[in-house]
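User: I am new to reading protein models and would like to learn how to read helices, strands and turns. Could you take me through some of them step by step?

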Amino acid sequence: MLEYSMLYPRESVSRRAKRLDGIWKFQLDPAGKGKAAGWANGLPSPDWIPVPSSFSDLYTDKQTREYAGDFWYETQFVIPADWEGREIGVRFGCATHRASVYLNGRIAATHEGGFLPFCARITSLARYGEENRLAVCVNNELSETTLPCGRTVELAGGRKINKPYFDFFNYSGLQRPVYLTALPRESIFDFTLCPRLEGTDAEVDYEIVTTGEHPVEIEVRDASGALAASAKGKRGTLHIPHARLWRVRDAYLYQFTMRIAGENGVIDEYSEPAGIRTVEVRGEDILLNGEPVYLKGFGKHEDSDTVGRSFSPAVMKRDFELMKWVGANSFRTSHYPYSEEILQAADREGFLVVDEVAAVGMFESLMNFMEASTGKQTAFFEKPTTAALLENHLRALEELITRDKNHASVILWSLFNEPETTHAAAAPYFETVFRRAHELDAQKRPRTFALIMNSLPHTCQCYQFSDVVSLNRYYGWYVLGGNEIEEAEAAFRKELDAWKELGLRKPFLFTEYGTDTAPGIHKLPSAMWSEEYQLEYLKMNHRVFDSYPFVRGEQVWNFADFMTSEGILRMDGNKKGIFTRQRQPKAAAFYFKERWESLPSGFKGGNG
């Protein structure tokens with residue numbers, strides 16, 4: 001069990017949660033001397049910075065934007081005197097990619113992994129009724145044991161830079177909300193919901209983990225506040241008659257409230273909204289509540305102008321409104337777990353989510369989007385660093401599933417994006433990760449990973465572990481683009497015919513396909529990078545998808561243009577967006593709206 005709770009900070013009769021977001025002090029530490037020099041007791045020459053934010057897009061000098069190494073945050077806050085006697089924590093939505101947390105100059109916590117929350121317990125370090133100094137040393141260097149993977153090199157002048165094995169910018173920092181929390185000494189640590197359907201009724205198996213031995217009770221209320229079910233004990237089953245189910249784009253959430261009962265009343269109380277639904281794979285179908293669903297949507301990024309990768313409620317709202325407008329029903333959290341608030345919104349809006357751990361870059365290449373198409377092999381899982389990588393991977397997976405297991409929107413775990421799978425050494429690594437995901441998830445959601453272009457039916461050593469086979473394919477862009485698009489379609493069909501011949505009887509999902517498109521560039525006849533070519537390419541891909549019954553979803557790459565490392569193959573980032581980085585539509589957006597809204601409700605047996 002994790003040593004800290006992953007429950008989202010919520011206030012109740014027994015809990016307190018105070019946002020620490022705002023303007024903090026900030027200082028780069030290129031020499032890595034801050035820890036030894038006592039910066040935890042106060043930064044010597046700080047600037048100011050908003051939290052949450054990605055620092056790279058806030059400054060105007062290149063060395064700060066591209067910075068790799070240690071950097072520090074500092075803030076002061078008062079812990080109310082009446083909080084003494086409670087368990088006090090500082091809960092970070094993330095710190096990219098690793099952090100050391102200090103309170104009043106003393107170490108409180110460390111954490112590895114940049115896209116999941118962690119809590120620093122500060123009860124014994126806190127000063128009650130007076131000011132406390134919080135300092136955080138964050139490091140954003142990449143290696144072949146980090147998730148995501150890459151490497152860090154030192155230039156001749158001593159400056160370090162990151163070399164990512166992935167095609168998105170390495171935004172870093174305290175990029176999600178930070179909370180000061182106060183819990184009772186005996187508290188609700190975790191809970192798990194696992195719904196089953198019995199006719200029109202629902203049976204929800206539950207388990208509640210607490211830090212003590214007092215009795216526990218749970219109740220469920222519907223949207224009107226009426227009691228739908230209740231039970232006593234740390235584990236059991238809730239019977240909900242005539243349950244209203246959570247459905248695609250028709251979300252319904254019940255309120256689950258747990259209480260620890262003491263001699264003098266409630267010791268702790270925690271509430272969370274949750275939908276009731278089931279998900280499974282049966283043959284070539286992805287089933288939601290026992291009915292097939294066809295996925296229509298996007299690979300996305302947490303990425304926008306100035307904000308970088310930091311959480312913005314306004315950007316989140318705009319993205320969901322655009323996805324609703326275009327007729328989508330799903331998205332993948334490529335290539336890392338997204339902010340919890342985004343999954344909460346997906347629960348409210350009825351979107352299906354492919355939830356991805358940050359296992360990207362497991363293909364040794366600074367241009368894997370190009371080199372994978374050449375058949376390059378890197379034997380990534382035969383390195384001396386593999387054991388340490390696996391340890392970090394399993395830890396990140398445990399944190400992801402613990403955080404997201406009760407979200408109705410999450411229907412599929414994605415355990416890798418575009419790893420190297422052509423060497424036999426990959427198979428035992430994959431088997432370990434896939435098995436662990438199944439052990440951790442009480443709902444036993446289906447599992448997948450996104451196959452890179454050189455992971456083909458006759459070369460991939462790992463597709464057998466997937467419940468859903470997810471393909472990232474770029475026929476007509478990285479392979480046989482432009483005037484050779486007819487050849488691209490033939491090559492694409494040849495590959496899918498080869499998958500068909502394997503007789504896997506599994507659903508296939510296209511998790512990436514797309515073409516870089518400069519908005520406003522028009523060419524007649526079409527040419528690569530024009531909006532006309534993007535449409536030509538997409539229509540070709542959809543002809544192929546529609547020809548194979550086992551293709552049960554399409555998530556185009558990408559929802560919006562996004563930032564990458566600079567290079568001669570990227571012009572101010574990746575331009576494969578259906579929307580611009582400013583969230584305005586390209587011509588392809590109107591094409592998708594027409595396609596997705598016109599697909600019949602029973603398309604390939606689906607109802608979504």
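Predicted model: local features only at pLDDT ≥ 70, side-chain atom pairs only at ≥ 80, totals over all residues.

User: How are α8 and α9 placed relative to each other, roughly parallel or roughly antiparallel?

Analyst: Helices (H or I, at least four residues) and strands (E, at least two) are DSSP runs, numbered from the N terminus. Axes are lines fitted to C-alpha atoms, for helices over the stretch in contact, and angles run from 0 to 180 degrees between N-to-C directions. Angles under 35 degrees count as roughly parallel, over 145 as roughly antiparallel, 65 to 115 as roughly perpendicular and the rest as oblique. Here helix α8 (residues 531-546) and helix α9 (residues 587-598) have axes 9 Å apart and pack at an angle of about 25°, and α8 and α9 are therefore roughly parallel to each other.

User: Which residues of α8 and α9 make the contact?

Analyst: Contact means heavy atoms within 4.5 Å. On the α8 side the residues are Glu531, Gln534, Leu535, Leu538, Lys539, His542 and Asp546, and on the α9 side they are Ala587, Ala588, Tyr591, Phe592 and Arg595. To sort them by class, Ala, Val, Leu, Ile, Met, Phe, Trp, Tyr, Cys and Pro count as nonpolar, Asp, Glu, Lys and Arg as charged, and the others, Gly among them, as polar. The contact of α8 with α9 then has six nonpolar, two polar and four charged residues.

User: At what angle do the axes of α7 and α8 cross?

Analyst: The axes of helix α7 (residues 485-502) and α8 cross at roughly 30° and come within 10 Å, which makes α7 roughly parallel to α8. Among the residues that meet are Ile485, Phe492 and Leu496 in α7, and Tyr537, Met540 and Val544 in α8. By class, the contact of α7 with α8 divides into nine nonpolar, one polar and four charged residues.

User: In which order do the three strands of the open sheet lie?

Analyst: Two strands pair if DSSP finds at least two bridges between them. The order in this open sheet is β20-β21-β22, with antiparallel pairing, and the edge strands, β20 (279-282) and β22 (291-292), each pair on one side only. Four bridges link β20 and β21, and Glu280 stands opposite Leu287 in β21. Strand β21 (residues 285-288) and β22 pair over two bridges, where Leu288 has Glu291 as its bridge partner.

User: Which turn residues of the hairpins have a positive phi?

Analyst: β20 and β21 form a hairpin with two residues between them, and Gly283 in that turn has a positive phi of about 60°. β21 and β22 also form a hairpin with two residues between them, and there Asn289 has a positive phi of about 55°.

User: Where is Ala589 found, and is Ala589 buried or exposed?

Analyst: Buried means under 20% relative accessible area, exposed over 50%, and partly exposed in between (1.4 Å probe, protein chains only). Ala589 is found in helix α9 and is buried, with a relative accessible area of 0%. Not counting residues up to four places away in sequence, Ala589 touches Trp325, Val326, Ile578 and Phe579. Strand β27 (residues 447-451) is mostly covered, since five of its five residues are buried, and three bridges join β27 to strand β26 (residues 410-417), the two running parallel.

User: What is omega for the cis peptide bond from Thr96 to His97?

Analyst: Omega is near 10° for that cis bond, and His97 is found in the loop between β5 (87-92) and β6 (98-103). A cis peptide bond also joins Leu147 and Pro148, with omega about 5°.

Methods. Residues numbered from 1 in each chain as written. Heavy atoms only, no water.
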